[in-house]
Amino acid sequence: MKLASLKQGRDGRLVVVSDDLAWYADAAAVAPTMQAALDNWADAAPRLAALAEDLNHDAIPKERFHERDAASPLPRAYQWADGSAYVNHVALVRQARGAEMPDSFWHDPLMYQGGSDAFLGPRDPIPLGDPAWGCDMEAEVVVVTDDVPAGIDAVAARSKILLVGLTNDVSLRGLIPGELAKGFGFFQSKPSSAMSPVFVTPDALGERWRDGKLHGTLCVDLNGQPLGRADAGVDMTFDFGQLIAHAAKTRNLGAGTIIGSGTVSNRDSDGGPGRPVDDGGVGYSCLAEVRTVETIRHGKPSTPFMKRGDTVCIWMDDERHHSIFGAIEQSVA
């Protein structure tokens, strides 16, 4: 089933959405908000699934679903932890600056805790106070968990995944070096992220969801031109079970925790750092990786970061070329 939150108050109004993203039905009789459903998932999930079934068979009243009316499915969350599961992305960035790649990066995930008090809606503008901050998009996959006990193993952690979606994890690249130099991680350089219009239960993804990974082409357009067409199931060093287990090593995770994959990144077919889409490659899911490859190949980057008026679109299609999660489509304001 597919779930969304229409913009209403601080936490939105929970609705179930038809498989083709054309219609919705109000879910207030089950739970007023997404978080309320997640807090009581064992009871809410079958009732929401029944509602979704009725919606898809035109058995209940329905209204047109417009992605522009959607908030983030979780407009705010108790926790947002973003990993870096595509180690190729990390390796490229370090290669560009001549830094050695520690062996631990291949068996111990990187993860930071982001701000989760206010996610952007999928059509909300990206606020940018200063172009010098270096605004970048990062196209990623996210999962939403049930309650997760501390110390869970990676295999068991997969069973705690309730929903799957996409995110634009906005980064301010010009602020990152100064923050990391302090040795205390990201803060100002990681503003609010945006989530896809709908989140989807793993069972509704069919063969696209297997081994704790989402398989399929993650599409990224910049100003209407293809930037990235990487496969989210390829070159993912750590699956979501491993990422959840990493986050829960020493603490419980509450229902509604969002875990991110990090920037989706594929190596080129020849093992190289990747080529642009218009050069026959799968492209890139963030501008930092574009600039990294330019530095490796030409000694310096030539692609600028996003500026006011630039637009980014992030989505994933199914086999019939229908959008699965809806599109994140944002302009820099």
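His321 sits in the loop that joins strand S18 (311-315) to strand S19 (328-331). The model is a predicted one, and in it the phi of His321 is near 65 degrees, a positive value for a residue that is not glycine. Most residues other than glycine have a negative phi. The relative accessible area of His321 is 66%, so this residue counts as exposed.

Asn223 also has a positive phi, about 55 degrees, although it is not a glycine. Its place is the loop between strand S15 (217-222) and S16. With a relative accessible area of 40%, Asn223 is partly exposed.

In soluble globular proteins, nonpolar side chains tend to be buried together. Here the largest nonpolar core has 62 residues, and the members that touch the most others are Val164, Leu166, Leu214, Phe240 and Phe325. The element that gives the most to this core is helix H6 (residues 240-247), with four residues.

What surrounds Leu214? Beyond its neighbours within four places in sequence, Leu214 is in contact with Val141, Val164, Leu166, Leu205, Arg208, Trp209, Ala232, Gly233, Met316 and Phe325. Of these, Val164, Leu166 and Phe325 are themselves among the core members that touch the most others.

Helix H6 deserves a separate look. Six of its eight residues are buried, and the helix is mostly covered. The buried residues of H6 are Phe240, Gly241, Leu243, Ile244, Ala245 and Ala247. What covers them includes S6, strand S8 (139-145), helix H4 (154-158), strand S9 (161-168), strand S13 (209-210) and strand S17 (258-260).

Helix H4, one of the elements that cover H6, contains Arg158. Arg158 and Ala245 are 87 residues apart along the chain, and their C-alpha atoms are separated by 9.0 Å. Setting aside neighbours within four places in sequence, Arg158 is in contact with Asp211, Gly212, Asp239 and Gly241. Gly241 is one of the buried residues of H6. Arg158 itself has a relative accessible area of 33% and is therefore partly exposed.

H3 gives the most, five residues. Sorted by class, the lining of the largest pocket comprises 14 nonpolar, eight polar and nine charged residues.

The volume of the second largest pocket is about 320 Å³. Its lining has 15 residues, and Pro226, Leu227, Pro276, Asp278 and Val290 lie nearest its centre. At least two lining residues come from strand S16 (225-231), and at least two from H7. H7 supplies the largest share, five residues. Eight residues of this lining are nonpolar, four are polar and three are charged.

The cysteines remain. How many disulfides are found in the whole structure? A search finds zero. Cys135 is in no disulfide, and the nearest cysteine sulfur, in Cys286, is 12 Å away. The relative accessibility of Cys135 is 1%, so Cys135 counts as buried.

Note on methods
Residues numbered from 1 in each chain as written. Predicted model: local features only at pLDDT ≥ 70, side-chain atom pairs only at ≥ 80, totals over all residues. Heavy atoms only, no water. Core = buried A, V, L, I, M, F, W, Y, C linked by side-chain atoms within 4.5 Å. Buried < 20%, exposed > 50% of the residue type's maximum accessible area, 1.4 Å probe, protein only. Contact = heavy atoms within 4.5 Å. Nonpolar A, V, L, I, M, F, W, Y, C, P; charged D, E, K, R; others polar. 1 Å grid on protein atoms, 1.4 Å probe; cavity = no way out; pocket = protein on both sides within 12 Å on 5 of 7 lines; lining within 4 Å. Points joined across faces, edges and corners; volume = space filled by probe spheres on them. Disulfide = S-S within 2.5 Å.
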